[in-house]
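Here is a friendly note to read alongside the model. Please keep the sequence and the 3D view open as you go through the points.

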Amino acid sequence: MATWLEAEGTGLERAGDHLRALLLEPGIVRAPGAHNAMAGLLAREAGFEALYVSGAAVTASMGLPDLGILALEELCFIVRSIARATGLPIIVDGDTGYGEALNAMRLVRELEAAGAAALHIEDQVLPKKCGHLNDKTLLPAGQMAAKIAAARKAARHLVVIARTDAAASEGLDGAIRRARLYREAGAEVLFADALTSLDQFKAFVEAAGVPVLANMTEFGRTPLMTAEALERIGVGIVIWPVSSLRIAAFAMEGFYRQLQRDGTTAPQIARMQTRQRLYEVIRYHEYEALDASIVKSVLPVVPGG
(Lines give C-alpha, C1' and ligand atoms only; values in the text may rest on other atoms or scores of the structure.)
Protein backbone atom coordinates (compact mmCIF):
# COMPACT_ATOMS: atom_id res chain seq x y z
CA MET A 1 0.00 0.00 0.00
CA ALA A 2 1.41 3.38 -1.03
CA THR A 3 1.92 6.17 1.46
CA TRP A 4 -0.30 9.23 1.27
CA LEU A 5 2.47 11.22 -0.41
CA GLU A 6 2.65 8.85 -3.39
CA ALA A 7 0.47 9.31 -6.46
CA GLU A 8 -1.50 6.06 -6.49
CA GLY A 9 -4.60 7.77 -5.11
CA THR A 10 -6.35 7.43 -1.77
CA GLY A 11 -9.75 6.14 -2.86
CA LEU A 12 -11.36 9.18 -1.22
CA GLU A 13 -12.57 10.74 -4.45
CA ARG A 14 -15.90 8.90 -4.15
CA ALA A 15 -15.90 7.98 -0.48
CA GLY A 16 -19.71 8.04 -0.31
CA ASP A 17 -19.91 5.31 -2.93
CA HIS A 18 -17.53 3.22 -0.83
CA LEU A 19 -19.92 3.48 2.12
CA ARG A 20 -22.91 2.62 -0.07
CA ALA A 21 -21.06 -0.50 -1.21
CA LEU A 22 -20.46 -1.52 2.42
CA LEU A 23 -24.17 -1.07 3.14
CA LEU A 24 -25.02 -3.44 0.31
CA GLU A 25 -22.80 -6.17 1.72
CA PRO A 26 -24.16 -8.69 4.24
CA GLY A 27 -23.86 -7.65 7.87
CA ILE A 28 -23.84 -4.41 9.79
CA VAL A 29 -21.33 -1.62 9.12
CA ARG A 30 -19.32 -1.09 12.30
CA ALA A 31 -17.98 2.46 12.59
CA PRO A 32 -16.11 3.28 15.80
CA GLY A 33 -15.45 6.88 16.66
CA ALA A 34 -12.05 8.30 15.79
CA HIS A 35 -11.30 11.72 17.29
CA ASN A 36 -7.95 12.05 15.51
CA ALA A 37 -5.86 10.37 12.83
CA MET A 38 -3.94 8.14 15.25
CA ALA A 39 -7.22 6.71 16.56
CA GLY A 40 -8.34 6.15 12.98
CA LEU A 41 -5.15 4.28 12.10
CA LEU A 42 -5.47 2.01 15.12
CA ALA A 43 -9.14 1.31 14.33
CA ARG A 44 -8.26 0.42 10.74
CA GLU A 45 -5.50 -1.89 11.93
CA ALA A 46 -8.01 -3.62 14.22
CA GLY A 47 -10.06 -4.46 11.12
CA PHE A 48 -12.74 -1.77 10.99
CA GLU A 49 -13.80 -0.72 7.49
CA ALA A 50 -15.51 2.58 8.35
CA LEU A 51 -15.08 5.33 10.94
CA TYR A 52 -17.20 7.94 12.67
CA VAL A 53 -16.22 11.49 13.63
CA SER A 54 -18.25 12.77 16.59
CA GLY A 55 -18.77 16.47 17.17
CA ALA A 56 -18.85 15.74 20.91
CA ALA A 57 -15.49 13.94 20.77
CA VAL A 58 -13.84 16.61 18.63
CA THR A 59 -15.05 19.46 20.84
CA ALA A 60 -14.10 17.62 24.04
CA SER A 61 -10.60 17.04 22.64
CA MET A 62 -10.43 20.82 22.17
CA GLY A 63 -11.57 21.40 25.77
CA LEU A 64 -15.00 22.62 24.68
CA PRO A 65 -18.59 21.43 25.34
CA ASP A 66 -20.80 19.92 22.64
CA LEU A 67 -23.15 22.89 22.31
CA GLY A 68 -22.86 23.65 18.61
CA ILE A 69 -19.81 25.92 18.94
CA LEU A 70 -17.43 23.84 16.82
CA ALA A 71 -16.41 25.75 13.69
CA LEU A 72 -16.72 24.25 10.23
CA GLU A 73 -13.02 24.70 9.51
CA GLU A 74 -12.11 22.88 12.74
CA LEU A 75 -14.34 19.94 11.85
CA CYS A 76 -12.97 19.74 8.32
CA PHE A 77 -9.38 19.76 9.56
CA ILE A 78 -10.05 16.70 11.72
CA VAL A 79 -11.94 14.88 8.96
CA ARG A 80 -9.24 15.68 6.42
CA SER A 81 -6.47 14.35 8.65
CA ILE A 82 -8.32 11.10 9.42
CA ALA A 83 -9.30 10.54 5.78
CA ARG A 84 -5.75 11.21 4.62
CA ALA A 85 -4.28 8.82 7.20
CA THR A 86 -6.75 5.94 6.86
CA GLY A 87 -8.41 6.02 3.44
CA LEU A 88 -11.56 4.65 5.11
CA PRO A 89 -15.12 5.92 4.56
CA ILE A 90 -15.92 8.37 7.36
CA ILE A 91 -19.37 9.24 8.70
CA VAL A 92 -19.30 12.76 10.12
CA ASP A 93 -21.46 14.39 12.77
CA GLY A 94 -22.79 17.50 11.01
CA ASP A 95 -24.71 18.74 14.07
CA THR A 96 -27.56 20.98 12.82
CA GLY A 97 -25.93 21.55 9.43
CA TYR A 98 -24.00 24.58 10.72
CA GLY A 99 -26.98 26.79 9.96
CA GLU A 100 -29.91 26.65 7.58
CA ALA A 101 -30.23 25.28 4.04
CA LEU A 102 -27.38 27.18 2.40
CA ASN A 103 -25.07 26.45 5.32
CA ALA A 104 -25.94 22.76 5.12
CA MET A 105 -25.13 22.78 1.41
CA ARG A 106 -21.74 24.33 2.09
CA LEU A 107 -21.11 21.79 4.85
CA VAL A 108 -21.72 18.97 2.36
CA ARG A 109 -19.29 20.43 -0.17
CA GLU A 110 -16.59 21.13 2.41
CA LEU A 111 -16.85 17.64 3.92
CA GLU A 112 -16.70 16.03 0.50
CA ALA A 113 -13.52 18.00 -0.20
CA ALA A 114 -12.12 16.83 3.15
CA GLY A 115 -12.68 13.17 2.21
CA ALA A 116 -15.85 12.32 4.15
CA ALA A 117 -18.22 9.60 2.98
CA ALA A 118 -21.36 10.67 4.87
CA LEU A 119 -22.72 13.21 7.30
CA HIS A 120 -25.76 13.35 9.50
CA ILE A 121 -27.80 16.43 10.26
CA GLU A 122 -30.07 16.58 13.30
CA ASP A 123 -33.41 18.28 13.79
CA GLN A 124 -32.46 20.41 16.80
CA VAL A 125 -32.41 24.18 17.09
CA LEU A 126 -29.17 25.92 18.05
CA PRO A 127 -27.80 25.92 20.69
CA LYS A 128 -28.00 22.15 20.37
CA LYS A 129 -27.30 19.43 22.94
CA CYS A 130 -26.22 15.82 22.94
CA GLY A 131 -29.24 13.77 21.90
CA HIS A 132 -29.15 11.91 25.22
CA LEU A 133 -29.63 15.03 27.34
CA ASN A 134 -32.87 16.66 28.46
CA ASP A 135 -35.09 19.41 27.05
CA LYS A 136 -33.86 19.70 23.49
CA THR A 137 -35.67 22.13 21.18
CA LEU A 138 -36.60 20.69 17.80
CA LEU A 139 -37.06 22.32 14.43
CA PRO A 140 -40.47 22.05 12.77
CA ALA A 141 -40.32 18.86 10.75
CA GLY A 142 -40.90 20.66 7.44
CA GLN A 143 -38.00 23.01 8.06
CA MET A 144 -35.71 20.08 8.80
CA ALA A 145 -36.91 18.29 5.66
CA ALA A 146 -36.00 21.36 3.60
CA LYS A 147 -32.51 21.29 5.10
CA ILE A 148 -32.12 17.61 4.20
CA ALA A 149 -33.32 18.28 0.66
CA ALA A 150 -30.77 21.09 0.30
CA ALA A 151 -27.96 18.91 1.60
CA ARG A 152 -28.88 16.12 -0.81
CA LYS A 153 -28.95 18.60 -3.70
CA ALA A 154 -25.41 19.70 -2.85
CA ALA A 155 -24.00 16.18 -2.53
CA ARG A 156 -21.94 14.73 -5.34
CA HIS A 157 -21.34 11.40 -3.63
CA LEU A 158 -21.75 12.10 0.09
CA VAL A 159 -24.38 9.98 1.86
CA VAL A 160 -26.89 12.26 3.60
CA ILE A 161 -28.14 10.88 6.92
CA ALA A 162 -31.07 12.46 8.78
CA ARG A 163 -31.01 12.28 12.56
CA THR A 164 -34.08 12.92 14.66
CA ASP A 165 -33.96 13.66 18.37
CA ALA A 166 -37.74 13.52 18.69
CA ALA A 167 -38.05 10.25 20.59
CA ALA A 168 -37.71 11.90 23.99
CA SER A 169 -40.33 14.63 23.42
CA GLU A 170 -42.62 13.20 20.72
CA GLY A 171 -42.26 9.48 21.41
CA LEU A 172 -41.26 6.74 19.02
CA ASP A 173 -44.24 7.43 16.77
CA GLY A 174 -43.22 11.07 16.46
CA ALA A 175 -39.64 10.08 15.63
CA ILE A 176 -40.93 7.71 12.94
CA ARG A 177 -43.18 10.37 11.42
CA ARG A 178 -40.30 12.80 11.23
CA ALA A 179 -37.92 10.18 9.85
CA ARG A 180 -40.31 9.26 7.05
CA LEU A 181 -40.59 12.92 6.07
CA TYR A 182 -36.81 13.25 6.03
CA ARG A 183 -36.54 10.12 3.89
CA GLU A 184 -38.97 11.63 1.39
CA ALA A 185 -36.77 14.75 1.36
CA GLY A 186 -33.78 12.65 0.26
CA ALA A 187 -32.14 11.10 3.32
CA GLU A 188 -30.46 7.82 2.39
CA VAL A 189 -30.00 6.67 6.00
CA LEU A 190 -32.12 7.43 9.08
CA PHE A 191 -30.91 7.86 12.64
CA ALA A 192 -33.17 8.12 15.70
CA ASP A 193 -31.05 9.05 18.69
CA ALA A 194 -31.60 8.04 22.30
CA LEU A 195 -33.94 5.10 21.70
CA THR A 196 -34.29 3.12 24.89
CA SER A 197 -34.77 -0.53 23.87
CA LEU A 198 -34.06 -3.08 21.19
CA ASP A 199 -37.81 -3.21 20.50
CA GLN A 200 -37.78 0.51 19.69
CA PHE A 201 -34.91 0.01 17.28
CA LYS A 202 -36.77 -2.87 15.66
CA ALA A 203 -39.91 -0.77 15.17
CA PHE A 204 -37.88 2.11 13.76
CA VAL A 205 -36.05 -0.20 11.32
CA GLU A 206 -39.33 -1.71 10.13
CA ALA A 207 -40.77 1.76 9.48
CA ALA A 208 -37.68 3.37 7.95
CA GLY A 209 -37.59 1.99 4.41
CA VAL A 210 -33.85 2.83 4.19
CA PRO A 211 -30.79 1.75 6.24
CA VAL A 212 -30.84 2.77 9.90
CA LEU A 213 -27.91 3.97 12.02
CA ALA A 214 -27.77 3.06 15.73
CA ASN A 215 -25.79 5.06 18.28
CA MET A 216 -24.19 2.98 21.03
CA THR A 217 -22.76 5.82 23.09
CA GLU A 218 -21.94 5.01 26.70
CA PHE A 219 -23.54 6.72 29.71
CA GLY A 220 -26.62 7.76 27.74
CA ARG A 221 -30.29 6.82 27.48
CA THR A 222 -29.71 3.87 25.15
CA PRO A 223 -28.73 0.54 26.76
CA LEU A 224 -25.55 -0.85 25.23
CA MET A 225 -26.35 -3.52 22.64
CA THR A 226 -24.00 -5.67 20.61
CA ALA A 227 -23.47 -5.19 16.91
CA GLU A 228 -24.76 -8.74 16.42
CA ALA A 229 -28.05 -7.98 18.20
CA LEU A 230 -28.57 -4.85 16.14
CA GLU A 231 -27.70 -6.68 12.94
CA ARG A 232 -30.33 -9.32 13.68
CA ILE A 233 -33.10 -6.71 13.68
CA GLY A 234 -31.86 -5.11 10.47
CA VAL A 235 -29.81 -2.09 11.63
CA GLY A 236 -27.40 -1.07 8.86
CA ILE A 237 -24.76 0.94 10.72
CA VAL A 238 -23.64 1.03 14.35
CA ILE A 239 -21.42 3.75 15.82
CA TRP A 240 -19.51 4.04 19.09
CA PRO A 241 -18.94 7.78 18.83
CA VAL A 242 -16.93 8.87 21.87
CA SER A 243 -15.56 5.56 23.15
CA SER A 244 -11.97 5.98 21.97
CA LEU A 245 -11.79 9.45 23.52
CA ARG A 246 -13.21 8.17 26.81
CA ILE A 247 -10.60 5.39 26.91
CA ALA A 248 -7.75 7.75 26.05
CA ALA A 249 -8.85 10.44 28.52
CA PHE A 250 -9.20 7.92 31.36
CA ALA A 251 -5.70 6.60 30.66
CA MET A 252 -4.21 10.09 30.47
CA GLU A 253 -5.89 11.12 33.71
CA GLY A 254 -4.18 8.27 35.53
CA PHE A 255 -0.88 8.96 33.79
CA TYR A 256 -0.72 12.62 34.82
CA ARG A 257 -1.65 11.87 38.43
CA GLN A 258 1.06 9.25 38.74
CA LEU A 259 3.62 11.45 36.98
CA GLN A 260 2.86 14.29 39.39
CA ARG A 261 3.37 11.91 42.31
CA ASP A 262 6.47 10.08 41.02
CA GLY A 263 8.25 12.82 39.08
CA THR A 264 9.24 10.24 36.44
CA THR A 265 7.49 8.18 33.77
CA ALA A 266 9.59 5.08 34.50
CA PRO A 267 6.88 3.17 36.46
CA GLN A 268 4.45 3.64 33.55
CA ILE A 269 6.63 2.56 30.64
CA ALA A 270 4.88 -0.82 30.30
CA ARG A 271 1.57 0.96 29.64
CA MET A 272 2.98 3.11 26.82
CA GLN A 273 3.02 2.60 23.09
CA THR A 274 6.70 2.13 22.25
CA ARG A 275 8.58 4.27 19.76
CA GLN A 276 8.89 1.22 17.49
CA ARG A 277 5.15 0.60 17.61
CA LEU A 278 4.38 4.27 16.95
CA TYR A 279 6.61 4.26 13.90
CA GLU A 280 4.90 1.10 12.62
CA VAL A 281 1.46 2.70 12.94
CA ILE A 282 2.39 5.97 11.22
CA ARG A 283 4.66 4.17 8.69
CA TYR A 284 7.61 6.34 9.64
CA HIS A 285 10.25 4.37 7.75
CA GLU A 286 8.15 4.15 4.59
CA TYR A 287 7.81 7.91 4.49
CA GLU A 288 11.48 8.32 5.33
CA ALA A 289 12.44 6.08 2.39
CA LEU A 290 10.74 8.45 -0.08
CA ASP A 291 13.59 10.95 0.31
CA ALA A 292 17.04 9.57 -0.46
CA SER A 293 18.64 12.49 1.39
CA ILE A 294 17.30 11.18 4.72
CA VAL A 295 19.57 8.66 6.39
CA LYS A 296 17.51 5.70 7.58
CA SER A 297 16.78 6.12 11.27
CA VAL A 298 17.98 3.49 13.71
CA LEU A 299 15.89 3.22 16.85
CA PRO A 300 17.69 3.68 20.16
CA VAL A 301 18.61 0.52 22.01
CA VAL A 302 16.50 0.45 25.16
CA PRO A 303 18.09 -1.25 28.21
CA GLY A 304 16.12 -4.29 29.25
CA GLY A 305 14.27 -4.50 25.92
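**Notes on the model**

1. Let us begin with a loop. Y98 is found in the loop between β3 and α5; helices (H or I, at least four residues) and strands (E, at least two) are DSSP runs, numbered from the N terminus. Y98 is not a glycine, yet its phi is positive, about 60 degrees. D95 lies in the loop between β3 and α5 too, and its phi is near 50 degrees, a positive value in a residue other than glycine. D95 is buried, with a relative accessible area of 5%. Here buried means under 20% relative accessible area, exposed over 50%, and partly exposed in between (1.4 Å probe, protein chains only).

2. A word on the source. This is a predicted model, in which local features need pLDDT of at least 70 and side-chain atom pairs count only at pLDDT 80 or more, while totals for chains, interfaces and linings use all residues. Residues are numbered from 1 along each chain as its sequence is written, and side-chain values use heavy atoms, with hydrogens and water left out.

3. Next, look at helix α5. This helix covers residues 101-114, has 14 residues and reaches 20 Å from its first C-alpha to its last, close to the 20 Å expected at 1.5 Å a residue (the expected span is 1.5 Å times one less than the number of residues).

4. Which residues of α5 are buried? They are A104, L107, V108, L111, E112 and A114. Seen down the axis of α5, these buried residues fall within an arc of 160 degrees, so they line one face of the helix; the arc is that of the directions from the helix axis to the C-beta atoms. An α-helix has 3.6 residues a turn, so residues three or four places apart point the same way. L102 and A113 are exposed on the other side of α5. The cover over the buried residues of α5 includes α4 (72-86), β3 (90-93), β4 and α6, where contact means heavy atoms within 4.5 Å.

5. V79 is buried, with a relative accessible area of 0%. Leaving aside residues up to four places away in sequence, V79 touches V53, I90, V92, L111, A114 and A116.

6. Now for the charged side chains. A search of the whole structure finds 20 salt bridges, a salt bridge being a side-chain nitrogen of Lys or Arg within 4 Å of a carboxyl oxygen of Asp or Glu. One of them joins E188 and R20, with the closest N and O atoms 2.8 Å apart. This pair links distant parts of the chain: E188 is in the loop between α7 (167-185) and β6 (189-192), and R20 is in helix α1 (residues 15-24), 168 residues apart. E188 is buried at 18% relative accessible area, whereas R20 counts as partly exposed at 25%. A network of salt bridges links R14, D17, R20, R152 and E188.

7. Two further salt bridges deserve a look. In the pair D123 and R178, the closest N and O atoms are 3.3 Å apart. D123 lies in the loop between β4 (118-122) and α6 (141-154) and R178 in helix α7, so the pair ties together parts that are 55 residues apart in sequence. D123 is buried at 0% relative accessible area, and R178 counts as buried at 8%. D193 and R163 also meet in a salt bridge (3.6 Å, N to O). D193 lies in the loop between β6 and α8 (198-208) and R163 in strand β5 (residues 159-164), so this pair ties together parts that are 30 residues apart in sequence. Both D193 and R163 are buried.
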